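Colleague: I would like to learn how to read the contact between two chains in a model. Please take me through it.

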Amino acid sequence: MSEYIEKRRAFCFPDQFQVQKYDETVFYDKHFKKTGKPLDPIQKRKSTLDTDASSRGTKAIDFVAFDPQQSELWLIEVKDFNFPMARISLTELIDIMVGKVIDSLAGLLAMRANALGNEQIFALDAIQKNKIRVVLHFEQPLKTSKEFPQSIDIADLKDKLKQRIRSIDPQPIISSMEAPRGVPWMVE
Amino acid sequence: MLQSLEIKNFTVFEEANLEFSAGLNIIIGENGTGKSQLLKLGYVFLNSSNKDQKNMASFLVGLKRRLAQELVEVFGSDNLGHLVTNRVDVEICNIKMGIYPKATKLDISFNKKSQNEIITHGIFDSAEYPKPIFFPTREIVSIFEGFAAALRNRELAFDKTFLDLADALALTLLKGERAELIQPIVAELEKQMKGKVIVKNGRFYLEQDKKRLEMPLVAEGIRKIAMLTYLIMNGSIQKGSTLFWDEPESNLNPKMMVQLAQTLVTLSSMGIQIFIATHSLFLLREIKIQLLQHPEVQARYFALQLEGKSVSVQQGDSMDEVEPIAALDASLEQSDRYLELV
């Protein structure tokens with residue numbers, strides 16, 4: 001198992017998995033995040049909670065991962081609404097997620113062409129995959145009530161994500177620690 | 001069965017081209033986006049253009065008269081011209097309807113000054129098919145006794161779909177082989193109602209454990225299922241029929257909506273074309289669950305959205321292909337409002 005920390009959670013991937021915390025790659029951090037049109041000032045103000053998004057032209061998904069023996073490329077975003085500061089409107093959450101997926105796919109292509117060493121090899125292998133799987137790891141606020149046994153109906157979120165991203169992944173996954181939905185990694 | 005509608009300048013629809021499924025058609029949209037109008041338009045066209053006369057010339061003359069009359073009576077407008085989009089630069093409304101399996105389309109127009117004059121364009125070769133059925137948002141089995149006679153003889157604020165429905169309910173039951181064919185679906189619906197629908201002296205009853213319960217005493221959700229069951233039992237809804245059902249979920253609890261979704265998909269799989277207009281995300285999801293178990297049923301989704309004073313239509317073979325789903329957006333916004341407080 002290889003372990004990566006994101007938003008105070010440990011993501012434990014099987015040993016054979018190749019994993020990149022994409023926004024920490026040299027190629028993204030030093031080069032690709034400055035690519036493209038910068039956000040306009042209004043958008044920057046709106047995105048104060050997403051500090052990365054306010055300061056750069058392209059966005060980054062939290063993890064890019066794949067099993068070298070399998071055909072899927074996993075793009076994983078992590079959100080935890082137990083932290084009030086992490087909360088944004090659900091429509092905005094989907095908008096940001098979609099933007100990150102598109103930017104990260106473009107970034108992987110550029111990484112394959114222009115990155116150096118291991119990052120280029122990683123991107124080369126990642127781009128070979130013929131199935132893109134989009135995963136939102138989403139932790140709900142723990143406080144619930146009779147009217148809202150779950151603060152957010154995950155089916156709502158999934159339907160909205162599917163509407164927006166079906167040309168990339170017709171079956172996106174919304175997982176959590178309690179309901180991993182069959183993803184091949186564990187979260188602690 | 002309705003195959004397509006091309007609408008230009010009819011009520012809230014400035015331009016809409018809709019391709020329907022022979023199976024299940026689901027219309028989604030907020031209040032005021034024309035969901036019920038779309039159902040009624042499909043119903044009127046299908047009801048009026050049924051080829052019940054062999055002589056084509058007299059059929060076409062009768063068709064124009066029937067269409068004009070039905071449009072006014074079903075939409076409840078004072079005259080035909082009031083159904084043309086209310087915009088100063090619009091004078092004429094044009095509607096084309098395609099039916100399965102014919103290649104020709106019924107192409108008609110009328111203008112703002114039309115009292116009951118309709119112009120037909122080109123050649124239309126109709127077909128003979130079972131009369132379509134329209135279910136309004138409320139059932140009529142509880143008020144059936146004398147209802148049709150009252151509608152015929154008095155000025156009442158019910159549109160013509162109520163009278164047509166009452167006439168369909170007045171038919172007697174099928175017998176023999178045809179009755180045997182529908183037995184499985186009737187038995188399923190009777191299981192849902194925990195009883196059988198019977199008619200005695202022009203009144204509907206639900207028979208439960210050999211006790212007769214008058215329909216007004218039965219829960220409204222059950223009464224809707226009873227109406228559907230009886231129309232299947234008397235052959236008004238049969239293979240090749242088209243059923244238009246406005247907000248079938250109204251007055252149904254979630255448990256009954258599960259059964260409703262199952263019934264709708266089962267009827268579609270039996271060769272009955274269904275149109276529903278719905279606000280219920282719960283029902284949409286139950287239908288999705290049923291469709292996953294019945295891949296043979298073709299579904300088509302239509303999302304209606306008010307843009308300025310006109311309504312735009314997005315259509316697709318799954319709910320994922322159309323936006324907006326008003327009920328989904330409202331549910332997400334509700335979660336947002338709740339999260340702001342906890």
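Colleague: How many salt bridges does the rule find across the interface of chain A and chain B?

Modeller: A salt bridge here is a side-chain nitrogen of Lys or Arg within 4 Å of a carboxyl oxygen of Asp or Glu. By that rule, six cross the interface of chain A and chain B. One of them joins B:Arg285 to A:Asp156, with the closest N and O atoms 2.9 Å apart. On the chain A side, helix α6 (residues 154–165; helices are DSSP runs of H or I, at least four residues) contributes the most to the side touching chain B, with eight residues.

Colleague: What should I keep in mind about the model and its numbering?

Modeller: This is a predicted model: local features need pLDDT of at least 70, side-chain atom pairs count only at pLDDT 80 or more, and totals for chains, interfaces and linings use all residues. Residues are numbered from 1 along each chain as its sequence is written, chains are lettered from A and ligands numbered from 1 in the order in which they are written, and side-chain values use heavy atoms, leaving out hydrogens and water.

Colleague: How much area do chain A and chain B bury between them?

Modeller: The size of an interface is often given as the accessible area lost when the parts come together. Here the buried area (accessible area, 1.4 Å probe, lost on being put together, summed over both parts) is about 1800 Å², 53% of it on carbon and sulfur atoms. A:Phe148, A:Asp156 and A:Gln163 supply 31% of what chain A buries against chain B, more than any other three residues.

Colleague: How many residues are in contact?

Modeller: With contact meaning heavy atoms within 4.5 Å, 21 residues of chain A meet 19 residues of chain B.

Terms used
Buried area is the accessible area (1.4 Å probe) that two parts lose on being put together, summed over both. Helices (H or I, at least four residues) and strands (E, at least two) are DSSP runs, numbered from the N terminus.
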